[in-house]
Amino acid sequence: MLALVKERPGEGLTLSEVPEPAPGINDVLIRVRKAGICGTDLHIYAWDDWAARTIPTPMAIGHEFVGEIVAVGSNVSDFHPGDLVSGEGHVVCGRCRNCMAGRRHLCAHTIGLGVNRPGAFAELVVLPMTNIWHHWDGIDEDVAAIFDPFGNATHTALSFPVLGEDVLITGAGPIGCMAAAIVRHAGARHVVVTDLNPFRRDLAAAMGATVVVDPRERELRDVQGELGMTEGFDVALEMSGSPAALDAIVQNMAHGGRVAVLGIPSDAVSLDLERVVFDMLTIKGIYGREMYETWYQMTVMLQSGLDISPVITHRFSHGDFEEAFAVARSGASGKVILDWTD
Ligand code: NAD
Ligand code: ZN
């Protein structure tokens, strides 16, 4: 079968013929239909320090996907050939203290699809049955393909109650834009989104931000004044990875404000701990999705009218992956989808 493979250390990817994966007794074999390009895939393509430290080669990459089940292992009775499914890309150990307590997203031994085990930029992918999410009939396949980053957005955005609250989101990448839509759906009042990139600010505005801000041009303090806010933001979601954005959050929270941090810092971060202490802030780190409460929440939000489809701005055949990666890298895009059916 064909897969997008990091053949050896260094820049780039190749569309290569690789052996078909064989499902074990607890596994599900899936024919991939659509897959989303993630920032992680761009890091692996570019072969930065993180990728060089993390990815064994050769490795088929990719972890955001939707596909159709073609075969199941002999222990699998809940899934059947023909089912439309996505996969939770974090494969957990099932035996550590957190896994045994049902807190699987906190597993200390998580293995990443398309990072530590063969991924979903391929005609076929295998996952344990415990990692399979069954979609309802008629779901938009492009939306189903991005449940992984939609799950990052959902897990972060719903970490704290937002009904009636004023929410600050730093970073209008695909995840920040989806988070803006989610907090509006969940009843937030003002949703202020910052980004340096005008394409991304426009996308955030289209997806529910009530105000978009270029932090180089406007102080968040002034934005608060214009909105009639007097005490600061109640909830903030850090979705840029920028140390400056995290500082802007800490300087603009209400007393008792809550901060969920998803962005992976590009650099060492110095935190104004004095503000955190005197303003009594709560800061929570977020990794991945809750298994499977986040997946349930995504499903029911879509079924109750949430629309995240505007975040998908580009679609390419898998054969045109170079062009797809270039668009994803450019910043003039939201989510970029690779079609594996053509
Ligand atoms: P992205 O890189 O597409 O978007 C980040 C955005 O932040 C960009 O649009 C960029 O212009 C903007 N930005 C940069 N500096 C800024 C600043 N000072 N203020 C405001 N905005 C700024 O990323 P994404 O795919 O949307 O993911 C968001 C973040 O979450 C990334 O840091 C990513 O690495 C991280 N991530 C974390 C997890 C997790 O499980 N913790 C999972 C997926 C992604
Ligand atoms: Zn575990």
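Tutor: Let us begin with the domains, whose bounds come from an automatic or database domain assignment. For the protein chain, the assignment gives domain 1 (2–146 + 308–339) and domain 2 (152–285). The model is predicted: local features need pLDDT of at least 70, side-chain atom pairs count only at pLDDT 80 or more, and totals for chains, interfaces and linings use all residues. Residues are numbered from 1 along each chain as its sequence is written, while chains are lettered from A and ligands numbered from 1 in the order in which they are written.

Student: How many residues of domain 1 and domain 2 are in contact?

Tutor: Two residues are in contact if their C-beta atoms, placed from the backbone, lie within 7 Å. Here seven residues of domain 1 are in contact with ten residues of domain 2. On the side of domain 1 that touches domain 2, four residues are nonpolar, two polar and one charged. In this classification Ala, Val, Leu, Ile, Met, Phe, Trp, Tyr, Cys and Pro are nonpolar, Asp, Glu, Lys and Arg are charged, and the others, Gly among them, are polar. The centres of domain 1 and domain 2, taken over C-alpha atoms, are separated by 28 Å.

Student: Which residues does UniProt list for "active site"?

Tutor: UniProt positions are given in the numbering used here, feature names are shortened, and annotations may be inferred rather than shown by experiment. The unreviewed UniProt entry lists T40 and H43 under "active site". T40 is in helix α1 (residues 39–46), and H43 is also placed in helix α1. Helices (H or I, at least four residues) and strands (E, at least two) are DSSP runs, numbered from the N terminus.

Student: Is T40 buried or exposed?

Tutor: A residue is buried if 20 or more other C-beta atoms lie within 10 Å of its own, exposed if 12 or fewer, and partly exposed in between, with C-beta atoms placed from the backbone. T40 is buried, because 23 other C-beta atoms lie within 10 Å. H43 has 18 C-beta neighbours inside 10 Å and therefore counts as partly exposed.

Student: Which residues is H43 in contact with, leaving aside its neighbours within four places in sequence?

Tutor: With those neighbours set aside, H43 is in contact with D48, W50 and A51. Of these, W50 is in helix α2 (residues 49–54). W50 is partly exposed, with 13 other C-beta atoms within 10 Å. The C-alpha atoms of W50 and T40 are 9.6 Å apart, and the two residues are ten residues apart along the chain.

Student: Let us turn to the ligand. Which residues come nearest to ligand 1?

Tutor: A residue is near a molecule if its C-beta atom, placed from the backbone, lies within 6 Å of it. There are 27 residues around ligand 1, and G171, G173, S240, G241 and S242 come nearest. By class, the shell has twelve nonpolar, 13 polar and two charged residues. Helices α6 (174–185) and α9 (243–250) each supply at least two residues of this shell, and the largest share, three residues, comes from α6.

Student: Where does UniProt place the feature "binding site"?

Tutor: The unreviewed UniProt entry places "binding site" at I175, D195, R200, L262, G263, I264, I286 and Y287. These positions span 113 residues in sequence, and the farthest two C-alpha atoms are 22.7 Å apart, so they do not all gather at one spot. G263 is found in the loop between β15 (253–261) and α10 (273–278), and I264 lies in the loop between β15 and α10. G263 is buried, with 21 other C-beta atoms within 10 Å, whereas I264 counts as exposed, with 12 C-beta neighbours inside 10 Å. Leaving aside its neighbours within four places in sequence, G263 is in contact with G171, E238, M239, S240, G241 and S242.

Student: Which residues of helix α7 are buried?

Tutor: In helix α7 (residues 198–206), the buried residues are R200, R201, L203 and A204. They cover an arc of only 160° around the axis, which puts them on the same side of α7; the arc is that of the directions from the helix axis to the C-beta atoms. The buried residues of α7 pack against α6, β12 (191–194) and β13 (211–213). Just after α7, G208 takes a positive phi of about 125°.
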